[in-house]
Amino acid sequence: MRLPQLVNVLLLGAGGREHAFAWKIAQSERLAKLFIAKGNAGTKSLGTNVDISPTNFAGIKQFVLTNNINLVVVGPEEPLVRGIRDFFAGDDEICYVPVVGPSAAGAMLEGSKQFAKDFMQRNGIPTARYQTFGKNDLEAGYAFLESLKPPYVLKANGLAAGKGVVIPTSLEEAKRELADMLNGKFGIASQKVVIEEYLNGIELSVFVVTDGTDYKILPEAKDYKRVGDGDTGLNTGGMGAVSPVPFATPEFMRKVEERIVKPTIEGLAKEKILYKGFIFVGIMNVDGEPYVIEYNVRMGDPETEVVLPRIESDILDLFEGIVYNSLASKELRISPDTAVTVVAVSGGYPGAYETGKPIEGLDAVGDSLVFHAGTTETKTGVETAGGRVLAVTSKGTGIADALQKSYAALSGIHYEGMYYRKDIGQDLIKLRK
């Protein structure tokens, strides 16, 4: 089977990741119409924004039928964990419409940290030692913490918008955090807590697309989660990203493919878990050996903003391979250029912040790309509407070249309270010296 030659696409989501997807989809010669639900001020110029929540499955169904949608692309994790693919497959009126994204069973790789760790253990995938605890297991949790060396890694089992991980540096703090988490610090997401052995290394994001049998590895990236320069301050959804990553050498990536990617795809098939979409593998490079930190069942944000600009092949053709089990026959061309994105956020983020601040300078960014995250368009112009506001991406011959372009573009953009890190990629530049 194939998609029609001209495809009507519904893209779900509203952030920088979805703007990057919309930008890439809009380049396809096979695109007829692009709709984005809900979209933002940036996606508006690439397609039609639709005021439907990505988790309003009934509303999405009606829109698909009314607008002759041929393909649904799911950006964020929540609709996948809630089972949007299963919703489509189980409805006679829309079961023929393919969805890029895994089944609810596959989405458990992100929806439950315990499920993911148990899956890794069953399939021999290298990861940190761990145990899972509930509210009634507090003393056992304390005992497991006592068996580990600091620092300690505590993860909310469920979805926590990328903020459900704490890394205490003392045993007393770790015990306090465990009690707080089990008592509702992250709501229902931390009804169970996974405690892990700390892995000392450098992180890497690896992205895979699969049709359930075959797979292709997309460009890798490194993101920066802490709000402050020098990786200080609170964790965020991501303050910037770089691709390619210097330490992701061919030798290291062969280890990733053989020890992690292949066993993951084979494990899903062996366990009869339907998976057609993206797998984002968070990896820790520990002295040249790869370990899985976590799985996500969608593309990362802001990593998407550096990965997609490096893909030169038609993304709708790639999507066709994913949904119709023909991925092996599809071409994946990757640019040798370096891409760097720097995220501009609202003052106070990731804590309390104000919105509705007018944004100036969006048209004077040269060759750089401005992907909107938390923005909205009003009668008077574009305003801030979230914590992470913009991701400015540039391509260059290396990290320093691309960085210079992104920072130059950012220097011309302004809104009240605007903040961004000044050191994105600097650690990787030092690695190369």
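Q: What lies over the face of Phe115?
A: In this predicted model, Arg122 is placed over the face of the Phe115 ring, at 5.8 Å from the ring centre.

Q: And which residue lies over the face of Tyr224, and at what distance from the ring centre?
A: That residue is Lys222, which sits over the face of Tyr224 at 4.0 Å from the ring centre.

Q: Staying with rings, how many aromatic pairs does a search of the whole structure find?
A: The search finds twelve aromatic pairs. One of them joins Phe21 and Phe319, a tilted pair with 6.3 Å from centre to centre and 40° between the planes.

Q: Where do Phe21 and Phe319 lie, and how far apart are they in sequence?
A: Phe21 belongs to helix 1 (residues 16–25) and Phe319 to helix 11 (residues 315–323), so this pair ties together parts of the chain that are 298 residues apart in sequence.

Q: Is Phe21 buried or exposed?
A: Phe21 counts as buried because its relative accessible area is 1%, which falls under the 20% cut-off. Phe319 is buried as well, with a relative accessible area of 0%.

Q: What kind of pair do Trp23 and Phe371 make?
A: The ring centres of Trp23 and Phe371 are 5.8 Å apart and the planes stand at 75°, so the pair is edge-to-face. This pair also links distant parts of the chain, since Trp23 is in helix 1 and Phe371 is in strand 19 (residues 369–372), 348 residues apart. Phe371 is buried, at a relative accessible area of 1%.

Q: Which residues form one aromatic cluster?
A: Phe21, Phe278 and Phe319 form one aromatic cluster, and within this group Phe21 and Phe319 are the tilted pair already described.

Q: Switching to pockets, what volume does the second largest pocket have?
A: Its volume is about 290 Å³. The pocket is lined by 15 residues, of which His19, Ser45, Leu362, Val370 and His372 are the closest to its centre.

Q: Which element supplies the largest share of that pocket's lining?
A: Strand 19 does, with four residues, while helix 1 and strand 19 each supply at least two residues of the lining. By class, the lining of this second largest pocket has nine nonpolar, five polar and one charged residues.

Q: Which elements each supply at least two residues of the lining of the largest cavity?
A: They are helix 5 (104–111), helix 6 (113–122) and strand 17 (289–296), and helix 6 gives the most, with four residues. Among the lining residues are Leu109, Glu110, Lys113, Lys117, Met120, Lys155, Glu196 and Tyr295.

Q: How many charged residues does that lining have?
A: The lining of the largest cavity has six charged residues, along with five nonpolar and no polar ones.

Q: And what lines the second largest cavity?
A: The second largest cavity is lined by Asp301, Glu305, Val343, Ala373, Arg388, Leu390 and Ala391, and strand 22 (residues 388–396) gives the largest share of that lining, three residues. By class, four of the lining residues are nonpolar, none is polar and three are charged.

Q: New topic: which residues of helix 2 are buried?
A: In helix 2 (residues 57–66), the buried residues are Phe57, Gly59, Ile60, Lys61, Phe63 and Val64. These buried residues pack against strand 1 (7–13), strand 2 (31–38), strand 3 (48–50), strand 4 (71–74), helix 3 (77–81) and helix 4 (84–89).

Q: What follows helix 2?
A: Helix 2 is followed by Asn68, which has a positive phi, near 50°.

Q: Last one, where is Glu257, and what does it touch?
A: Glu257 is in helix 9 (residues 250–270), and, leaving aside residues up to four places away in sequence, Glu257 touches Tyr215, Ile217, Lys262 and Pro263. Glu257 is partly exposed, with a relative accessible area of 26%.

Q: How far is Glu257 from Ala364?
A: The two residues are 107 residues apart in sequence, and in space Glu257 and Ala364 are 41 Å apart, C-alpha to C-alpha.

Terms used
Residues are numbered from 1 along each chain as its sequence is written. This is a predicted model: local features need pLDDT of at least 70, side-chain atom pairs count only at pLDDT 80 or more; totals for chains, interfaces and linings use all residues. Side-chain values use heavy atoms; hydrogens and water are left out. On a 1 Å grid over the protein atoms alone, a cavity is a set of points where a 1.4 Å probe fits but cannot get out, and a pocket is an open set with protein on both sides within 12 Å along at least five of seven lines; lining residues have an atom within 4 Å of a point. Ala, Val, Leu, Ile, Met, Phe, Trp, Tyr, Cys and Pro count as nonpolar, Asp, Glu, Lys and Arg as charged, and the others, Gly among them, as polar. Rings of Phe, Tyr and Trp (its six-membered ring) pair if their centres lie within 6.5 Å; planes under 30 degrees apart count as stacked, over 60 as edge-to-face and the rest as tilted. Buried means under 20% relative accessible area, exposed over 50%, partly exposed in between (1.4 Å probe, protein chains only). A charge sits over a ring if NZ of Lys or CZ of Arg is within 6 Å of the ring centre and within 35 degrees of the ring normal. Contact means heavy atoms within 4.5 Å. Grid points are joined across faces, edges and corners, and a volume is the space filled by probe spheres set on the points.
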